[in-house]
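Reader: I should be grateful for a guided reading of this structure, taken question by question.

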Amino acid sequence: MQKEFRKTVGTAEQRIDAVEKSTGNVKYLGDKLITGMLHAKVATSTEAHARIKSIDTNEAWKVPGVRAIVTGDTFPFPIGPILADRPPIAFDKVRYYGEPVAIIVADYPYQAKQAASKIVVKYEKLPVVNSVEQAFQEDAPIIHEQLGQYTKIIDNVYPVPGTNIASHIKIRKGQFGQAWATCKDTITATYSFNLSDHAAMETRSATVEINPDGRVIVHSTSQSPFTIKKILNQFFNIEVGKVIVHIPMLGGAFGGKGAVQLEPLAYLASSAVGGKLVKLQYEREEDMMTAPCHIGFNATVKLGVNEEGKLLAGQYTFLIEAGAYSDQAAGITRAAALDCTGPYHIPNVWCDSYCMYTNHPYATSFRGYGHPELTFAIERTMDQLAKQLNVDPIEFRLLNAIKPGHSTPTQSVLTENNIGDTAKCMIRAKELIEWNGNQTTVTENGKIRAKGVSLFWKTSTTSTNAQAGAVLLFEPDGTVKLSCAAVEIGQGTKTILAQIAAERLKMNMKDIHVTMEVNTQYNPHQWRTVASSTTFLAGNAVLAAADDAIRQLKKIGAVALQCSENDLEVGNSRVYLRSKPTYGIDIKTICLGYKYPNGHTVGGQIIGTGVHVQRQLTEMDKDTGFGDPGPWWSVGAQAVEIEWDEQNYTYEILKAITVMDGGTIINPMTATQQMRGGIFLGLSIASGESFEFNDKGVIQNPDFRTYQLMRFGEQPKEYIVEFVETPNEDGPFGARGIGEYGVIGAASALANSLSSATKTELNKLPLTPELIWQTREVGQ
Amino acid sequence: MISSNTRKYTVVSLLVNGVSHDVMIRSADTLLYTLREQLGLTGAKYACGNGDCGACTVLVNGKPMHSCLTLAIESINDEITTIESMKHSDIRSAFVANWAIQCGYCTPGFILNCHALVNEHPDADDEIIEEWLKSNLCRCTGYQEIKDAVKSVLEANKLKAKENSNLAQ
């Protein structure tokens, strides 16, 4: 039967992982049960900042089934992805409540847990740095005394020894000081919020087994399989080739599984029991308190306009709360700086972005990598400045929206290809929200309805050599196995890559079988599955691999069909003459070699390979930030309508609108899923999520009962998602990245709508009724 | 049924998905732990261990229960249904058809809860749906697609019931 190829890019193909997820058949890491596997548990710090005087493991050893106990002196060396500042197990000092101080390995999880509770640590308490503002004070207690001696793993990190500043990133564009003096109107405003949690439904876990031949076999819930190899090589001195990392499908990640924390712990645990298979799985409370979380933030934004209301100058001071260790917060500090203006054309920019240590759990990447946070500050300022100037906030945004020909804060020049159409997104969102100029209305039952908008932008801040590879292996029946190291975290990436392969090969998408799990021994290298980069990097790699396969198919096809390769086309699982499509041969008869009638065979398996690496990205200059840090900027607009009850300060979210320009949309339904889910996540964080710390730096709400995630019924009554598709020449079929973007403008759109409704400037998160009441009634 | 009892372990039979299985449990073992570790039914997930998220939901005598808050020993006289027996359920198909699945980790718990919901409340309105599904957390979707899935099954069931009553007349 001839299978007719139909276009798949742009089609809402069903996700290839949906059915097995619906039946409970997908094996997440925790579902891979192996008899005889040992279980590890961490004993954690009960102080936020203290010197470790002694660790007594005697009582813990008495628990039946305990096989090993590992403490920080086993491996007293700091590790980290950007700045190596974190011993895997606390050594000498603890710097946050919940930090691992020992690992216990036992036959069963309950035994390990029991033993962990019997570890006795004597501490000498040190003063606790309990906020990012406190950390920034000159006389603040110092959290890392050896800050000047830590190894820099990447170049763009600038610690300031003798302070709590893990990195200071500067942007200096134009002449800020002079421009500021000439501004007709200016505004200064400050914003803040605490650390919060990724709260992926699947908690983090890892297993490690060390074979007698030295191979280290890791299974992990990670977005960064090759980073695990790198870290085990860099810090534990294991040959890269001897580290094999397996990643099953993940139960959500949101950036929180990009960090490498559990794998070194499980490695140390396995080492302690002679290399036996050891599993470390976090319980929810550990996932919230011990594992890395979402940054806290404090920002002061100053904006100035000229007579026409055009932005002339912007100054941005970001205090990014890293918590106890810098991890990815150091990278977020840079990412927030390089996009500090939001999608606005501002000729004179001055930004100081500080990565700040505190005695809180440490933070890592979170969906949006600094952008939801900076956008909250920028878009609130835009609304307040528009009000001050007495202009419509949407008109004010449109007047200043960034366009091709302008440059970013790092002076990257924007072109028709590398940035989407910001204004078009804004105008469409304005129509969809039925904008009536910041007016509030009162409903029949006395509630106040208000709308808020936000623009957003983000580049994909990868390393300058970030890359992905793809291999297409043809099976005897002419179908294709697609091997790549993109991690399926729920975003649907495997479906997208199958569509891209099918489109280029002009094959039925059902004939593309994607490797769902990652195995670093078989899959080609991929930087990480983060930064909305997979469609772009892995997608381009798949295209290159498909082109490679097509070349090979034509070559062997030319032999079989006795013609020139140049006369041939590939499509519908056939190789055929362009001028006479009925004359051709099925791929299945040539993809493992062409067999002549006498049995002689030429060719062999068709294996298409492809790689895509970022092109011409540069590091940022230390003093000015000058550089090309990302390949493109996806942009969009979001709008929210709320109904606020003045009696009790509660509110409902009626509409949540996202209009996004991510270039060509490969699959409109998976893209819509990402946008809806993104704005939902952003609204959940903005409306209710925050770690609460007591005066000792201890989280008071480390579980899903007290940490308020948005529940069913609290979500927006209506989601609207639309796409503007300004194609990107460099992307696969014109695509840019979209994965993180839905979350970026959510908090600011919500805060803008509530600020209108309450006639109060709401510049903190989360926007709980209590916070709104405090701000409005108490004035702080 | 308790088959044997030692100081540490007890052998009991559990009726799961219509089949009786002997399992060896400690008195502190949760139903979730036993289903997963002893029977390999890993569709029910651990996510909070505290009854806050519903990822561990199974049906006990047709009613949704948090298996992380239920002891295995408590369940010896009950009929337990897990996601593994839901392959042919309408609500499972509706989750796929309505794009209600992203990472999939909360999905089994949601599907079982929704299955019980449409059985118990064939006329469920938004309020009842919200009341029932508030017990389950999803971090990926934003809930809209899940609501659509439930409503599509409720509607289809109503149509079927109407057709049946027409036939009966």
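**Strand pairing, helices and contacts**

Author: In this predicted model, Ala206(A) has Leu280(A) as its bridge partner in β14(A). Your questions may start from there.

Reader: Over how many bridges do strands β11 and β14 of chain A pair?

Author: Strand β11 of chain A covers residues 205-210, and strand β14 of chain A covers residues 278-281. The two pair in the antiparallel sense. The number of bridges is four.

Reader: Which are the edge strands of the open sheet in chain A?

Author: The open sheet has eight strands in the order β3-β6-β1-β14-β11-β12-β13-β25 (chain A), with mixed pairing. An edge strand here pairs on one side only. The edge strands of chain A are β3 (66-71) and β25 (518-519).

Reader: At what angle to β11(A) does helix α7 of chain A run?

Author: Helix α7 of chain A comprises residues 262-272 and lies across several strands of chain A, including β1 (38-44), β6 (100-106) and β14. Another helix of chain A, α6 (residues 225-236), lies across β12 (216-220), β13 (243-247) and β25, running at about 150° to β13(A). For helix α7 of chain A, the angle to β11(A) is about 40°.

Reader: How far apart are the end C-alpha atoms of helix α10 of chain A, and what span should its residues give?

Author: Helix α10 of chain A (residues 371-389) has 19 residues, and 16 of the 19 are buried. At 1.5 Å a residue the helix should span 27 Å, which agrees with an end-to-end C-alpha separation of 26 Å.

Reader: Is Asp92(A) buried or exposed?

Author: Asp92(A) is found in the loop between β4 (83-84) and β5 (93-94) of chain A. Although not a glycine, Asp92(A) has a positive phi of about 70°. Because Asp92(A) has 12 C-beta neighbours inside 10 Å, Asp92(A) is exposed.

Reader: How many other C-beta atoms lie within 10 Å of Phe733(A)?

Author: Phe733(A) is placed in the loop between β34 (718-723) and α16 of chain A. Its phi is positive, about 55°, although Phe733(A) is not a glycine. Phe733(A) is partly exposed, and the number of other C-beta atoms within 10 Å is 19.

Reader: Which peptide bond of chain A is cis, with omega about -5°?

Author: The proline concerned is found in the loop between α16 (746-758) and α17 (769-778) of chain A. The cis peptide bond joins Leu765(A) and Pro766(A).

Reader: In the hairpin of β4(B) and β5(B), which residue takes a positive phi?

Author: Strands β4 (residues 57-60) and β5 (residues 63-66) of chain B run antiparallel and are joined by four bridges. Within this pair, Val58(B) has Met65(B) as its bridge partner. Two residues lie between the strands, and the residue with a positive phi, near 50°, is Asn61(B).

Reader: How many charged residues has the side of chain B that touches chain A?

Author: The contact takes 39 residues from chain B and 40 residues from chain A. On the side of chain B, α2 (90-97), α3 (107-120) and α4 (126-133) each supply at least two residues. By class, this side has 19 nonpolar and 12 polar residues, and the charged residues number eight.

Note on methods:
Residues are numbered from 1 along each chain as its sequence is written. Chains are lettered from A and ligands numbered from 1 in the order in which they are written. This is a predicted model: local features need pLDDT of at least 70, side-chain atom pairs count only at pLDDT 80 or more; totals for chains, interfaces and linings use all residues. Two strands pair if DSSP finds at least two bridges between them. Two residues are in contact if their C-beta atoms, placed from the backbone, lie within 7 Å. Axes are lines fitted to C-alpha atoms, for helices over the stretch in contact, and angles run from 0 to 180 degrees between N-to-C directions. The expected span of a helix is 1.5 Å times one less than its number of residues. A residue is buried if 20 or more other C-beta atoms lie within 10 Å of its own, exposed if 12 or fewer, and partly exposed in between; C-beta atoms are placed from the backbone. Ala, Val, Leu, Ile, Met, Phe, Trp, Tyr, Cys and Pro count as nonpolar, Asp, Glu, Lys and Arg as charged, and the others, Gly among them, as polar.
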